[in-house]
Amino acid sequence: MRIEIGCNICSHDNSEENSSFVRYSRLCSVRDDGIYEFECPEGHRSTTVLLTPKHEVLFLIASNALLDGYLREAIASFAASLERFYEFVIRVICRSKSISQQDVEKCWKSVSKQSERQLGAFTILWFVEMGDPPDSLSNKMVELRNQVIHQGKVPSYEECIIFGKAVINVISPIERKMLDKFPDTHKDECFALSRSVRENHNQRLAMLSIDSPLSAAIQENTDLEISLEGLRLHRKILGMPSIASELMRATTVRHVPKEP
Ligand SMILES: [Zn+2]
């Protein structure tokens with residue numbers, strides 16, 4: 001997946017004086033650190049920080065993989081989105097208890113390399129905090145994920161949709177309850193990266209948020225397939241074809257005359 005990073009300075013310097021101006025941007029691969037440096041042809045250097053939480057970025061990567069036809073990768077990223085969501089919840093709850101980031105990092109180290117430990121930590125923490133055990137993926141969905149990730153299974157498009165919806169159904173109720181109970185610490189956790197980048201950068205920072213089918217499902221109950229249709233249209237505007245729609249090819253094949 002690629003995201004569009006624009007020159008923040010061109011837009012800022014020209015927005016009021018002129019009725020139109022050129023705004024430079026480029027398509028970049030998603031970076032793990034969420035920090036995008038860009039120098040436009042006018043020589044403006046800008047830094048853009050992606051505010052969208054990692055689990056939402058991964059959900060969007062999965063959705064794009066699906067439209068690109070990379071079905072194994074779609075399931076792998078949907079599954080990673082759920083795992084990073086568990087981490088996000090743990091961090092939000094720790095923030096709400098005013099636990100120092102240093103102590104959180106020290107504790108996270110002991111579970112960071114094993115997803116089963118993270119799931120256990122999340123489940124108990126959520127239960128203690130909210131009084132109800134959280135929903136989790138059904139055995140059938142866990143089996144599908146394991147077959148794809150560990151046994152090389154190539155899932156069908158339909159299986160990817162079912163799996164993506166299952167991930168949404170686990171995340172949505174938890175995210176809604178968390179927004180209700182911890183609105184401030186939820187926001188704090190989202191802005192944590194931009195705060196730390198600001199401390200180390202003197203120049204002006206641009207903030208970027210991207211929408212994902214996951215946030216549309218949480219906020220507006222939008223069905224995954226409807227969101228994918230919207231994403232398909234957005235990709236079309238950017239000149240990126242998607243499977244099952246624009247990849248029909250017509251090629252003229254010329255017969256080479258056989259030698260007598
Ligand atoms: Zn510029």
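1. Start with the sheet: three strands form an open sheet in the order 3-4-5, with mixed pairing. Strands here are DSSP runs of E with at least two residues, helices are runs of H or I with at least four, and both are numbered from the N terminus. Two strands pair if DSSP finds at least two bridges between them. Strand 3 (35–39) and strand 5 (205–208) are the edge strands, each pairing on one side only. From one strand to the next, the twist averages 30°.

2. Before going further, keep in mind that this is a predicted model: local features need pLDDT of at least 70, side-chain atom pairs count only at pLDDT 80 or more, and totals for chains, interfaces and linings use all residues. Residue numbers run from 1 along each chain as its sequence is written.

3. Now the strand pairs. Strand 3 and strand 4 are antiparallel and share five bridges; Tyr 36, for one, has Thr 48 in strand 4 as its bridge partner. The hairpin of these two strands has five residues between them, and Gly 43 takes a positive phi near 85° there.

4. On to the other pairing: strand 4 (residues 45–50) and strand 5 run parallel, joined by four bridges.

5. What lies across strand 3, strand 4 and strand 5? That is helix 8 (residues 183–200), which runs at about 170° to strand 5. For angles like this one, axes are lines fitted to C-alpha atoms (for helices, over the stretch in contact), and values run from 0 to 180 degrees between N-to-C directions.

6. Next, a helix pair worth a look. Helix 2 (residues 54–68) packs against helix 3 (residues 71–96) at an angle of about 170°, with the axes 8 Å apart. The two are therefore roughly antiparallel, a label used for angles over 145 degrees. Among the residues making the contact are Leu 58, Phe 59 and Ile 61 of helix 2, and Phe 78, Phe 85 and Phe 88 of helix 3. Contact here means C-beta atoms, placed from the backbone, within 7 Å of each other. By class, this contact has 12 nonpolar, three polar and three charged residues. Nonpolar covers Ala, Val, Leu, Ile, Met, Phe, Trp, Tyr, Cys and Pro; charged covers Asp, Glu, Lys and Arg; the others, Gly among them, are polar.

7. How is the chain divided? The domain assignment gives domain 1 (2–52 + 198–237) and domain 2 (70–189), with bounds taken from an automatic or database assignment. Their centres, taken over C-alpha atoms, are 26 Å apart. Five residues of domain 1 touch nine residues of domain 2. On the domain 1 side, helix 9 (213–220) and helix 10 (224–237) each supply at least two residues, and helix 9 gives the largest share, three residues. That side has four nonpolar residues, no polar ones and one charged.

8. Finally, is Lys 140 buried or exposed? Lys 140, found in helix 6 (residues 139–151), is exposed, because 11 other C-beta atoms lie within 10 Å. The cut-offs are 12 or fewer for exposed, 20 or more for buried, and partly exposed in between, with C-beta atoms placed from the backbone. Lys 140 and Phe 163 are 23 residues apart in sequence, with 9.7 Å between their C-alpha atoms.

How values were computed: Parallel < 35°, antiparallel > 145°, perpendicular 65-115°, else oblique. Contact = placed C-beta atoms within 7 Å.
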